[in-house]
Amino acid sequence: MRDRSHIEKTLMLNEDKPADDYTAVLQRLRKIYHTSIKPLEQSYKYNELRQHEITDGEITSKPMVLFLGPWSVGKSTMINYLLGLEETRYQLYTGAEPTTSEFTVLMHGPKLKTIEGIVMAADSARSFSPLEKFGQNFLEKLIGIEVPHKLLERVTFVDTPGIIENRKQQERGYPFNDVCQWFIDRADLIFVVFDPTKLDVGLELEMLFRQLKGRESQIRIILNKADNLATQMLMRVYGALFWSLAPLINVTEPPRVYVSSFWPQDYKPDTHRELFLKEEISLLEDLNQVIENRLENKIAFIRQHAIRVRIHALLVDRYLQTYKDKMTFFSDGELVFKDIVEDPDKFYIFKTILAKTNVSKFDLPNREAYKDFFGINPISNFKLLSQQCSYMGGCFLEKIERAITQELPGLLGSLGLGKNPGAPNCDKTGCGEAPKNRYRKH
């Protein structure tokens, strides 16, 4: 069995310091969301456009680490290894055949406990209650496991069913891609695991990478079971993996690829033990960085959400204002608005938003999305932004702009005064590659 001391050191599992109390900051973040963002979100039915409703449980939840990839590449084994669950009654079942058929959520609890998906969805205090919308068939494939482990006090792991390319989506009995998208949208770190025998890319894996667009900063590619290969073969497999993934990841800088064997058995003889160990430490530092920057990432996520809600409200307001301007006493309202929705550029809907407000053209939603949005939400259901004001509460638009420009950056700045995670120490971690954090100020 392999020595686990580097895991304990890098993730600081042996330290007896009390857990940081973030309750006050999270409550402040929750208040900003409910008072400054949610009113505009509900008024303009943003959830109908993006299908992403933020709950209190999601705001206060721990960072989530998601494991994706083909079947039998070692996802469950890797979780067992990181948590030290091998040969215990807590361990996830593993094997050479496809073994994980459920979405398994590993959380912290005082004792070992299994929670059915129906119970998880019914508990509004947890962040999984929105999963109920995927139906009872899916809830039967969702399971929660509470384990008394120190790492799970700071993070939640999600193990997913392996991708099987020759299986039709309908055979799963629930919308697999939609469920994956729900977890992808909420994950702080996404491990996509491969092994040397499963490098081919089929339709289901291609669809998965399409869903990961825009989340490249959270993705980490893992080439597992690397000690099964001789040096020359490992180089070929590494190149083949990049060749397979290159068309799917359309970014200038490719995601980080970790090459190692994530399981408790010792590395096989005559393999690159030092390389594999450094790669493993780099991955653990990445995981630790996500845990350390939990609040920064959470605030940045809420601010990003607020920017999208604001842009959506400005667009709906512009559609409504254009509709009112074009309507006359003899006009047919449906035909007038259909003309606007079919060709918004003719009425300068999107250009007006870019000209008058500090909105990036890269943040604008797809024009086609608003055809579907207004198909189920008649324009007459909405009010102009200028009418969304009250004497006591102020204006919705002013409140969300204050949250984006002042309140959330102020909350983020106050964290920097109170804590400094610091750079990884070579003496402590063995000089793994320092992880990147897109939210850290350089």
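Visitor: Leaving aside neighbours within four places in sequence, with which residues is Phe374 in contact?

Guide: In this predicted model, Phe374 belongs to helix H15, residues 367-376, and is buried there. Setting aside neighbours within four places in sequence, the contacts of Phe374 are Val316, Tyr319, Phe337, Val341, Ile379 and Phe382.

Visitor: Which residues have the most contacts inside the largest nonpolar core?

Guide: Nonpolar side chains tend to be buried together in soluble globular proteins. Here the largest nonpolar core has 49 residues. Those with the most contacts inside this core are Tyr319, Phe337, Ile340, Tyr370, Phe374, Ile379 and Phe382.

Visitor: Which helix gives the most residues to this core?

Guide: At least two residues of the core come from each of H2 (23-43), H3, H12, H13, H14, H15 and H16 (396-418). The greatest contribution is 13 residues, and the helix that gives them is H12.

Visitor: How many residues does the second, separate core have?

Guide: The second core is separate, and Leu131, Phe183, Val192 and Tyr267 are among its members. Its residue count is 48.

Visitor: Why do the buried residues of H15 line one face of the helix?

Guide: The buried residues in H15 are Tyr370, Phe373 and Phe374. An α-helix has 3.6 residues a turn, so residues three or four places apart point the same way. Viewed down the axis of H15, the buried residues line one face because they fall within an arc of 90°.

Visitor: Which residues are exposed on the other side of H15, and which helices do its buried residues pack against?

Guide: The other side of H15 carries the exposed residues Asp372, Gly375 and Ile376.

Visitor: Which residue caps the N-terminal end of H15?

Guide: The cap is made by a side-chain oxygen that lies 3.0 Å from the backbone nitrogen of Glu368. The residue supplying this oxygen is Asn366.

Visitor: Is Arg2 buried or exposed?

Guide: Arg2 lies in the segment before helix H1 (5-10). Its relative accessibility is 11%, and the cut-off for buried is under 20%. Arg2 therefore counts as buried.

Visitor: What does the side chain of Arg2 reach, and with which side chain does it make a polar contact?

Guide: Beyond neighbours within four places in sequence, residues in contact with Arg2 include Tyr81, Trp263, Pro264 and Glu280. The Arg2 side chain reaches the backbone oxygen of Ser261 at 2.9 Å. At 3.3 Å, the Arg2 side chain makes a polar contact with the side chain of Tyr267.

Visitor: Where does Lys268 lie, and what is its relative accessible area?

Guide: Lys268 is found in the loop between strand S8 (256-259) and helix H11 (273-292). Lys268 is partly exposed, and its relative accessible area is 40%.

Visitor: With which side chain does the side chain of Lys268 make a polar contact?

Guide: Lys268 and Asp227 are 41 residues apart along the chain, yet their C-alpha atoms are separated by 6.0 Å. Not counting residues up to four places away in sequence, Lys268 touches Asp227 and Asn228. The polar contact, at 2.7 Å, is with the side chain of Asn228.

Visitor: What percentage of the residues of the protein count as buried?

Guide: The secondary structure comes to 17 helices and ten strands. Among the 442 residues of the protein, the buried share is 49%.

Terms used
Residues are numbered from 1 along each chain as its sequence is written. This is a predicted model: local features need pLDDT of at least 70, side-chain atom pairs count only at pLDDT 80 or more; totals for chains, interfaces and linings use all residues. Side-chain values use heavy atoms; hydrogens and water are left out. Buried means under 20% relative accessible area, exposed over 50%, partly exposed in between (1.4 Å probe, protein chains only). Helices (H or I, at least four residues) and strands (E, at least two) are DSSP runs, numbered from the N terminus. The arc is that of the directions from the helix axis to the C-beta atoms. A polar contact is a pair of N or O atoms within 3.5 Å; within protein, one must be able to donate a hydrogen and the other to accept it, and residues adjacent in sequence count only if both atoms are side-chain atoms. Contact means heavy atoms within 4.5 Å. A nonpolar core is a set of buried Ala, Val, Leu, Ile, Met, Phe, Trp, Tyr and Cys residues joined through side-chain atoms within 4.5 Å.
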